[in-house]
Amino acid sequence: MLGFNNISFAQGESSGDNTKKQLTLEKDLLEEDTDEPDDTEQNVQIKQSPAYTVLGRKLTEHEREVYSDASPGQIKDQLLYKEYKLVIVRAILALGERESINQALETIPNSQSQKTFTELVEYLSGLKEKYGSVSNGLQAEVVERNTDEKLALQNAAQNAYKEVFGIKLEDEDLNKLVTYFRSNEIASYSEMINSLKNSMTPEDKKNILIKALNEVGRIDLVKNEKFITKILSQDFTYKNLMELFKPLKNSVQKTAPVKKHK
């Protein structure tokens with residue numbers, strides 16, 4: 001079990017400080033354009049606008065003619081109800097919880113007390129911090145009406161370990177991890193992630209990298225020293241790597257040989 005031999009989860013503690021560079025890949029390593037758009041001044045203005053606050057998007061050209069000077073309250077009254085399910089999806093995606101979309105759409109009431117985009121992000125983020133995922137939180141608090149703190153901590157710990165190391169823990173090891181988190185007063189999901197990342201040894205990081213490359217069908221890249229050195233010099237989790245390597249997986253699918261049928 002990765003990172004568990006010496007129960008050394010808190011190397012550097014879970015302060016949230018991240019001195020290493022954000023996980024990125026240069027184009028010549030991926031042979032794909034993985035650059036994300038810069039957070040330009042225009043994008044910042046959009047995210048601070050009443051429309052983005054309420055809907056999670058900017059107004060369309062037609063809407064600007066009517067609502068360009070509208071307050072958040074007016075936009076909420078006039079537009080939110082028309083696309084509330086889309087706003088829920090945008091909030092889920094903003095949290096990187098794509099796998100929770102269906103659960104959210106089925107669970108969050110669509111007719112009463114509709115939340116704005118920013119309110120949804122805050123609410124769903126709170127569920128993720130407590131339960132380890134939005135879907136777990138909605139299932140526990142909305143569907144089952146179960147606010148068992150012990151169960152919430154177990155779910156969060158299991159998800160955190162899987163996100164960082166790509167492995168699901170057996171019950172005995174999960175109990176050890178929960179005990180560790182409790183003894184170190186680590187209760188939120190982000191704190192768990194930071195603590196587990198700080199516990200990684202160089203061997204752990206290499207094993208996680210190999211596991212991710214194998215998963216996307218590019219184990220051949222282990223022989224690329226420049227590539228391996230670049231990745232291992234950065235801060236990452238297994239989930240980060242799987243997101244980063246999507247272009248690699250897609251390139252394998254595109255170039256896969258076509259079988260000829262006789």
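## How to read the model

The model is predicted, so local features need pLDDT of at least 70 and side-chain atom pairs count only at pLDDT 80 or more, while totals for chains, interfaces and linings use all residues. Residues are numbered from 1 along each chain as its sequence is written, and side-chain values use heavy atoms, with hydrogens and water left out.

## The chain as a whole

Let us start with the overall picture. The protein chain has 16 helices and zero strands; here helices (H or I, at least four residues) and strands (E, at least two) are DSSP runs, numbered from the N terminus. Of its 262 residues, 41% are buried. Buried means under 20% relative accessible area, exposed means over 50%, and partly exposed lies in between (1.4 Å probe, protein chains only).

The accessible surface of the protein chain is about 15800 Å², and carbon and sulfur atoms account for 46% of it. Such areas come from the Shrake-Rupley method with a 1.4 Å probe, and for residues only the protein chains shown count as cover. Among contacts with a separation of 6 or more, 68% are between residues 24 or more positions apart, a contact being heavy atoms within 4.5 Å.

Helix H8 covers residues 117-131 and H9 covers residues 134-143. H8 has 15 residues and spans 21 Å from its first C-alpha to its last, close to the 21 Å expected at 1.5 Å a residue; the expected span is 1.5 Å times one less than the number of residues. Its buried residues are Phe117, Leu120, Leu124, Leu127, Lys128 and Tyr131. They sit on the same side of H8, because they cover an arc of only 100° around the axis, where the arc is that of the directions from the helix axis to the C-beta atoms. An α-helix has 3.6 residues a turn, so residues three or four places apart point the same way.

What lies over this buried side? The cover for the buried residues of H8 includes helix H3 (50-55), helix H6 (84-94), H9, helix H10 (149-165) and helix H12 (189-199). After H8 comes glycine 132, with a positive phi near 95°.

## Helix H14, with two faces

In helix H14 (residues 225-232), the buried residues are Phe227, Ile228, Lys230 and Ile231. These cover an arc of only 160° around the axis, which puts them on the same side of H14. The face turned away from that buried side carries the exposed residues Glu225 and Thr229.

## Salt bridges

Side chains of opposite charge can pair when their charged atoms come close. A salt bridge here is a side-chain nitrogen of Lys or Arg within 4 Å of a carboxyl oxygen of Asp or Glu, and the count comes to nine. Arginine 90 pairs with glutamate 83, their closest N and O atoms being 2.7 Å apart. Glutamate 83 counts as buried because its relative accessibility is 13%. Both residues belong to a network of salt bridges that links Arg57, Glu63, Glu83 and Arg90.

Lysine 130 and glutamate 141 form another salt bridge (3.3 Å, N to O). This pair links distant parts of the chain, with lysine 130 in H8 and glutamate 141 in H9, 11 residues apart. Lysine 130 is partly exposed at 24% relative accessibility, and glutamate 141 is partly exposed at 23%. Aspartate 220 and arginine 218 also meet in a salt bridge (3.0 Å, N to O). Aspartate 220 is partly exposed at 42%, whereas arginine 218 is buried at 19%.

## Single residues worth a look

Glutamine 139 lies in H9 and is partly exposed, with a relative accessible area of 29%. Its C-alpha atom is 8.1 Å from that of threonine 107, 32 residues apart along the chain. Beyond its neighbours within four places in sequence, glutamine 139 contacts Gln103 and Glu144.

Proline 72 is found in helix H5 (residues 72-79) and is partly exposed at 39% relative accessibility. The C-alpha atoms of proline 72 and threonine 53, 19 residues apart along the chain, are separated by 7.2 Å. Leaving aside neighbours within four places in sequence, proline 72 touches Pro50 and Val54 by the contact rule.
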